[in-house]
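Subject: Structure handover

Hello,

Here is the structure I said I would pass on. My notes on it follow below.

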Amino acid sequence: MTSVRRIGVLTGGGDAPGLNAVIRAIVRACKVEHGVSVMGISDGFIGLVEMKARELGLADVSGLLVRGGTILGTSNRGNPFRYAYRRPDGAEELVDASATAKKNFDKLGLDCLIVIGGDGSLSIAERFWREFGIPVVGVPKTIDNDLSATEYTFGFATALEVATSALDRLHTTAESHHRVMLLEVMGRDSGWIALHAGLAGGGDVVLIPEIPFKFEALLAKFRARERRGRPFSLVVVAEGAAPVGGAQVFAGEDAVTGWKRLGGISYQIAREIETMGGYEVRATVLGHIQRGGIPVPTDRILATRCGVEATRLAVTGHFGNMVALRSDEIVSVPLAEAIGHLKRVDPDCQLVRAARSIGVVFGDEEPGAVDRSEG
Ligand code: F6P
C-alpha cells in the first residue's frame, strides 16, 4: 500500500492540445487503480502561490478527451521564484514567492505534485524538488516538440495537423493567383513544426531557426519553379527563423518578466521577396490556432499514456522524475537531466536530407543546387 494519499496536478506554460487528456488520465488512474484523491491547482504555479485549488473527481474529467486547452487554466508568467506581484498601486514587481508555494502545498495536504509543462515549468518543478524537497513528477508538454529527453510531446501532432491543413488551403489559392504564399508557424527556437508541415504539405521552401537563410536562394527557387511552369510557391517559415547575419523577430515582450514572444518574421520576408523579386506575396501567421481545439488521436493516446505513467510514478514514490517517450515506451527520466536541453533540428538529419532530396529549399543552398531542386 502506498503512503501517497493525495496528489496535486497543475498545467503550466502555453497550453497544448492533449492537456485535458492527461488530467483525465491522472484522475481516472488515481480513482480507478490507486484509490488516491486529486487536487487540481488553477493557473499553473500561480494557483499554488495564491492557493487556488479544487478537488477533482471522475465527473470533473468526463468528456475531456476531445477538449482542447486545460480545465485547470495555465500561465507562462507564474514562476513562484520570480513572481509578478501586483502592488496596491497596481504596479507589478518580481518577488520570490516560493516559500508561500511550499506552505500552500503543505496546507493542501498534498503528498506529490504532478507538473504538466514545458521546459520552464519542469525547471521550476525540479527546483522545488531540489530546494524544498517537494515531491514532484513531471509530464512534458509542448507543441514545439523541443524537449530533448523525450522523442515526441503531445500537442505536436495536432499543431502539425493544423499547419498542414493550412498549407493545403494556401496551396490552391497560391496556384490560382500565381503568388508566393508564406505560412508562419510556431516552434520558438526549433523548427520541428515547420519542417514536418513543410514535408507533409509540400512546402517548396522551409525556413527554420537552425538553418539561417539567404534571400537569393529563395528567389532562385521561385524562378526555377516558374521555368518548370509552376509560377507559384509555398514557403513555410518557423517563427524563430532568421536570415544569415539577421536577427529573430519578436512580436512583444512581457514588461515585468521580460519574456519575449516571437512572431512576424514572415511579414519582413514577404516585403523583401516583393522588393527583390517583384513577386506578389502574401503572408499568413497561423498563431494560436495551432494550439487550440480538438487534439488528434495520436496526442490523446500519448497524453493518456503520460498521465497514467506519471500517476504510477507518483503513487510509488518515484519523485524528481519526468515521464518520457522513448522507442514507443513511456519511461521515466530524472528531471535534473531532462531540463535545460533544447532539442533542435540537426541541419544534417535524415528528415532535412530527405526534404532536400525531393527539392525542398532551406535557404542555405548554392544557386546551382537550387536550380537542380526543380529537376
Ligand atoms: O511554446 C509554445 C508556443 O506556442 C510557442 O510556439 C510560441 O512561440 C509561444 O508558445 C507563444 O506564447 P504565447 O501563448 O504566450 O503567445
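Arginine 130 is exposed, with a relative accessible area of 52%. The model is a predicted one. The partner of arginine 130 in a salt bridge is glutamate 126, and their closest N and O atoms are 3.1 Å apart. Glutamate 126 counts as buried, at 7% relative accessibility.

The structure holds 26 salt bridges. Aspartate 15 and arginine 291 form one of them, with 2.8 Å between the closest N and O atoms. Aspartate 15 is partly exposed, at 21% relative accessibility.

In the other, the side chains of glutamate 374 and arginine 228 meet at 2.4 Å, N to O. Glutamate 374 is buried, with a relative accessible area of 13%, whereas arginine 228 is partly exposed at 45%. The pair belongs to a network of salt bridges with shared partners, which joins Asp204, Lys221, Arg225, Arg228 and Glu374.

Next, the domains. The protein is divided into domain 1 (6-154 + 295-338) and domain 2 (158-290 + 345-372). Their centres, taken over C-alpha atoms, are 33 Å apart. Each side brings 15 residues to the contact. About 1,200 Å² is buried between the domains, and carbon and sulfur atoms give 58% of that area. Of the area that domain 1 buries against domain 2, 40% comes from Arg77, Ile143 and Asp144, more than from any other three residues.

The count of salt bridges between the two domains is 1. Arginine 77 also takes part in a salt bridge with aspartate 254, the side chains meeting at 2.7 Å, N to O. The count of residue pairs in polar contact between the domains is 4. On the side of domain 1 that touches domain 2, the residues divide into 7 nonpolar, 2 polar and 6 charged.

A few single residues remain. Isoleucine 7, in strand β1 (residues 6-11), is buried with a relative accessible area of 0%. Beyond its neighbours within four places in sequence, isoleucine 7 is in contact with residues including Cys30, Val36, Leu110, Ile114 and Val315.

Threonine 164 lies in helix α5 (residues 156-177) and is buried at 12% relative accessible area. A polar atom of the threonine 164 side chain lies 2.7 Å from the backbone oxygen of leucine 160. Leaving aside neighbours within four places in sequence, threonine 164 is in contact with Ala197, Ala200 and Gly201.

Which residues other than glycine have a positive phi? Methionine 51 is one of them, with phi near 55 degrees. Methionine 51 lies in the loop between α2 (45-49) and β3 (53-56) and counts as partly exposed at 35% relative accessibility. Arginine 188 is another, with a phi of about 50 degrees. Arginine 188 is in the loop between β8 (180-185) and α6 (192-200) and is partly exposed too, at 25% relative accessibility.

Regards

Note on methods
Residues are numbered from 1 along each chain as its sequence is written. This is a predicted model: local features need pLDDT of at least 70, side-chain atom pairs count only at pLDDT 80 or more; totals for chains, interfaces and linings use all residues. Side-chain values use heavy atoms; hydrogens and water are left out. Domain bounds come from an automatic or database domain assignment. Contact means heavy atoms within 4.5 Å. Buried area is the accessible area (1.4 Å probe) that two parts lose on being put together, summed over both. A salt bridge is a side-chain nitrogen of Lys or Arg within 4 Å of a carboxyl oxygen of Asp or Glu. A polar contact is a pair of N or O atoms within 3.5 Å; within protein, one must be able to donate a hydrogen and the other to accept it, and residues adjacent in sequence count only if both atoms are side-chain atoms. Ala, Val, Leu, Ile, Met, Phe, Trp, Tyr, Cys and Pro count as nonpolar, Asp, Glu, Lys and Arg as charged, and the others, Gly among them, as polar. Helices (H or I, at least four residues) and strands (E, at least two) are DSSP runs, numbered from the N terminus. Buried means under 20% relative accessible area, exposed over 50%, partly exposed in between (1.4 Å probe, protein chains only).
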